[in-house]
Amino acid sequence: MKRMVNRKQKTEPGGCALKMGNFFHRLGSPRPFYELSGVVLPVAGVLTLISLVVGSIWALGFAPPDYQQGESVRIMYIHVPSAIVAQSSYMMMGIAGVIFLIWRIKIADIALQCAAPIGASLTFLALVTGAIWGKPTWGAWWVWDARLTSTLVLFFLFIGVIVLRSAKDGSEAVGRATAMLAVVGLVNLPIIKFSVDWWFTLHQPSSFSLTESPSMPAEMWLPLLVMVIGFYLFFFFTWMYRVRTEILKREHRSQWVRSIDDV
Amino acid sequence: MRIILLTVKRDLLLYFRKPGDIFNPLAFSLLVISLFPLGVGPSADILGEISAGIIWVAALLTTLFSIDLMFKEDYEDGTLEQMILGREPLLLVVYGKIIAQWLVGGLVITLLSPLLGMMFYVNTDGILATVLALMLATPTMTLIGSIGAALTLGLNKGGVLIAILILPLYLPVLILGVAMIDTATAGDNYAGHVLWLAAILAISIGFAPLATEQGIRISLSE
Amino acid sequence: MKPHRRRKLYFLLFLLLSSGGAIALTLMALTENINLFYSPAEIVSGVAPVNKRIRAGGMVLEDSIFRSESDLEVRFIVTDLQGSEFTIFYTGILPDLFREGQGVVARGALNEDGDFLAEEVLAKHDENYMPPEVMDVIDQAHGDLQK
Amino acid sequence: MLQVNNLSCERANRELFRNLSFEVSRGVALRIHGLNGSGKTTLLRILAGLYQEFEGDVDWGEEHYPLYIGHRRGLKALMSARENLFWSAAINGQKTKLSEVDEALRQVSMGGYVDIACGSMSEGQCGRVSLARLFLLHNPVWILDEPFNAIDSTGVQCLVERINKHLSSGGILVLSSHVEVPLTNLQELELRY
């Protein structure tokens, strides 16, 4: 090598100045993130609660049954949002991994680490609700076809990330190794997405697309949309909660963490 | 190019001086799969039905156990450091190590597979497909496995951690491989499986060593 | 060119070759049927192998389901709505969603007479959802049209 | 020439050094010393380019591949002294004749052990074999972690001679050592925490 330059952002003193110019830069360092997220967190919590409560009551109580599946179609209102948000959270982990590998922003490592358990739980939820839904509709709890198998792989990838990250707490090298694994695992996402189109599978194709109107009436997709938003908010809320805890854990020796007295 | 050959030669030499690294994983997996007939009964019908799966279990076990040792010793005695610092690109050294690893692991199990096939009453078509499938799949398994081996260097968690990291990535290869043998045993055309396995191999040859190289650098920065 | 530059170039070419090869192989692979799944047209035309375990599927034809009085045996006709159809024989409990006009997938083998003996029948749902009342309205509209 | 600016490093939540700046010119040796755990090895690994979790700026001026000999000697126990050195040269892109390898081993008075596997040698003999690399390879930058450990007084003398020759031909050396080193162009850096 010829020259090595490493500049990591330091934890600057002072509160969070929200000038747009260095907004993202500051957001990338733990302290401003902690302070800003302290404001966002309660708002996100309230919104999560509202959308999940409204969505659940609407979907489970008032949305119409399906002409063929009957009442069991209501599982969709849990299954679809959890599957969508699980995949999104892996996507987020992959992007955080790339950011951490290239720019070494500490928050990206924390973001990745904190998203994994939530993503794993959501994938698990999607798999379980899918099985419950599969029994009455297809006639089988589980079939080994492309969509289901690739979702199972997604679950294992989340587990792999969790296990590798916890192999050595706080070590940056392990953080980067984990980021690497998360990035390699990204190849699974297009496989999940296109499995229903590429291979023969029992799983129905997506009812939504950007170009066509949804193949279900508004009184069904509106509550579904509310549930999807609710699940996204839920992910965001729990993720941010975990990130804040992790920041405190990692920075527990620094002055600004010690001076927090409302813990 | 020269460095790839030199690395292959060096690693083969080391494997031959310490044959346990090749022999033990192989012996273990052969032992495990010879327990199957005892477990499910020696009926040709049942064994023929599950034979493809059993042969793949053998291939998986062998790869998993030997891949764990791939960089371990080089890491412990400091030669891996020298490979990073040397003028020759680490990536080429990684290619060499992967080739050597495959020669003593994947290739050996591929060559042994007709024997296993006969043990489990696979017919001639099936045996041919087994060899072809393993020939295409074991290099992929070594390539992907090397990423896991690089990422877990120095963690002292042993083979279980590697297994959790890389087995999910093996799943597509495993599914295609088993389906290919089953299809062939039934006497059908399995060109599609061959093409899929070859496609996965092609992409792994190009990109997996890149990830492995980065993984080594990351793990050594500790 | 400096040696390390040249090495980089070679490596980029190598990566290109690897991804190009993978894409070409994938495109070729996509034209092959590796699912062992056969449509009614393929079964009728004799593409599907006889006495081998395969999967077949299509739409259940209206008024084609015959249930046995004494046991769980059932037989029905599966069609692709374009003129090709074949009969499936099955003994066992059918999924709730199994009904006329619905998609099914059966696993089993084709016999010499062109009948499919199923070991397992699964219902395939499509991406369309509808409340029952809406369906009634549509059915009625269809009925009116036919009058 | 090596220029280091504002180098800081933290490990396991403990600061090893902060805002370290120094320069080493060609022909000069830098000895890093300090108590156990003061970060000597980490600093050497940063300079070699192995350890990357640092802040600051390390500038070697020109493209180079350092010859680094650390705690792990980089010798395979199952390969002979000759095979080990041959491999070291190959990985450094250096085409070597066997006679050159044997000559280097003779320089560290290991001429009689060319075909002995390093695994069956004593600690000190292994140290000598790894130092034989200094006589074989032509890297202008040497980074040596405790090179004087485990070798006897004749070995020390032989090493000092080789280092002086390296420096007078314009090489750079960074080493860590607990003991004083009798070198002419010596610069010292103490790590304290």
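The contact between chains D and B takes 22 residues from chain D and 19 residues from chain B, two residues being in contact if their C-beta atoms, placed from the backbone, lie within 7 Å. On the chain D side, helix H2 (residues 81-91) gives the most, with four residues; helices (H or I, at least four residues) and strands (E, at least two) are DSSP runs, numbered from the N terminus. By class, the side of chain D that touches chain B divides into 12 nonpolar, six polar and four charged residues. Here Ala, Val, Leu, Ile, Met, Phe, Trp, Tyr, Cys and Pro count as nonpolar, Asp, Glu, Lys and Arg as charged, and the others, Gly among them, as polar.

The model is a predicted one, in which local features need pLDDT of at least 70 and side-chain atom pairs count only at pLDDT 80 or more, while totals for chains, interfaces and linings use all residues. Residues are numbered from 1 along each chain as its sequence is written, and chains are lettered from A and ligands numbered from 1 in the order in which they are written.

Five pairs of chains are in contact, and of these chains A and C share the most contacts. Chains C and D, by contrast, are joined by no contact, and their closest C-alpha atoms lie 12 Å apart.

Turning to chain D itself, its secondary structure comes to six helices and eight strands, which follow the pattern β-β-β-α-β-β-α-α-α-α-β-α-β-β along the sequence. The radius of gyration of chain D is 17 Å, close to the 16 Å that the globule rule gives for 193 residues, so chain D is as compact as a globular protein of that length. This radius is taken over C-alpha atoms, and the rule is 2.2 Å times the number of residues to the power 0.38. Along the principal axes, the C-alpha atoms of chain D fill a box of roughly 45 × 35 × 30 Å. Among contacts in chain D between residues at least 6 apart in sequence, 72% join residues at least 24 apart.

An automatic or database domain assignment divides chain D into domain 1 (1-66 + 140-152 + 168-193) and domain 2 (74-138). Their contact takes six residues from domain 1 of chain D and seven residues from domain 2 of chain D. On the domain 1 side, five of these residues are nonpolar, none polar and one charged. The centres of the two domains, taken over C-alpha atoms, are separated by 25 Å.
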